[in-house]
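Please read them with the structure open beside you.

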Amino acid sequence: MREIVHATSVSVAGRGLLIRGASGRGKSGLALEMMVRGATLIADDRTIVTRTRDLLHLSVPSALRGMIEARRIGLLHADCVDDVPLAAVLDLDVAETHRLPPNRTTRMLGVEVPLLHNSASEYFAAGLIHYLTAGRRD
């Protein structure tokens with residue numbers, strides 16, 4: 001089972017983050033910020049989500065491989081990885097209102113996945129990198 005979603009995705013320590021949100025919300029910008037902090041691009045603008053048993057994997061449509069949009073700069077070359085296990089979904093359309101958010105999930109292709117909400121914090125990209133590297137303490 002597979003689906004192409006309007007989302008950008010990055011990998012940190014072999015764990016994928018799917019960044020979704022309306023057009024212009026900042027998906028590519030956040031991915032770029034994470035990339036300069038060590039993340040690797042999976043896909044920009046559209047991401048393929050594939051279910052194998054109870055696992056979801058992220059990959060890039062071939063036409064978009066190795067590029068990311070930087071608004072008002074242009075399309076940039078980027079190293080990319082493929083077939084990365086999905087660790088979490090970030091929804092940029094919903095603002096996080098809790099200092100210590102509750103555990104949330106969303107369902108994709110019938111699989112429950114951790115769900116994060118948007119933060120206006122200047123260290124949001126750094127926090128996401130660390131979340132993907134070390135996990136969350138509950």
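1. A residue is called buried here when its relative accessible area is under 20%, exposed when over 50%, and partly exposed in between, with a 1.4 Å probe and protein chains only. By that rule, buried residues make up 44% of the 138 residues in the chain.

2. On provenance, this is a predicted model, in which local features need pLDDT of at least 70 and side-chain atom pairs count only at pLDDT 80 or more, while totals for chains, interfaces and linings use all residues. Residues are numbered from 1 along each chain as its sequence is written, and side-chain values use heavy atoms, with hydrogens and water left out.

3. The chain has two helices and 11 strands, where helices (H or I, at least four residues) and strands (E, at least two) are DSSP runs numbered from the N terminus. Read from the N terminus on, the elements follow the order β-β-β-α-β-β-β-β-β-β-β-β-α.

4. As for overall form, a compact globule with 138 residues would have a radius of gyration near 14 Å, and the chain agrees with its 14 Å; the radius is taken over C-alpha atoms, and the globule rule is 2.2 Å times the number of residues to the power 0.38. The C-alpha trace spans about 40 × 35 × 25 Å along its principal axes. Of the contacts (heavy atoms within 4.5 Å) with a separation of 6 or more, 66% are between residues 24 or more positions apart.

5. After α2 comes Gly135, with a positive phi near 85°.

6. Asp83, in the loop between β8 (74-77) and β9, has a positive phi near 55°, and at 53% relative accessibility Asp83 counts as exposed. Leu109, in the loop between β10 (105-108) and β11, has a positive phi of about 50°, but at 16% relative accessibility Leu109 counts as buried.
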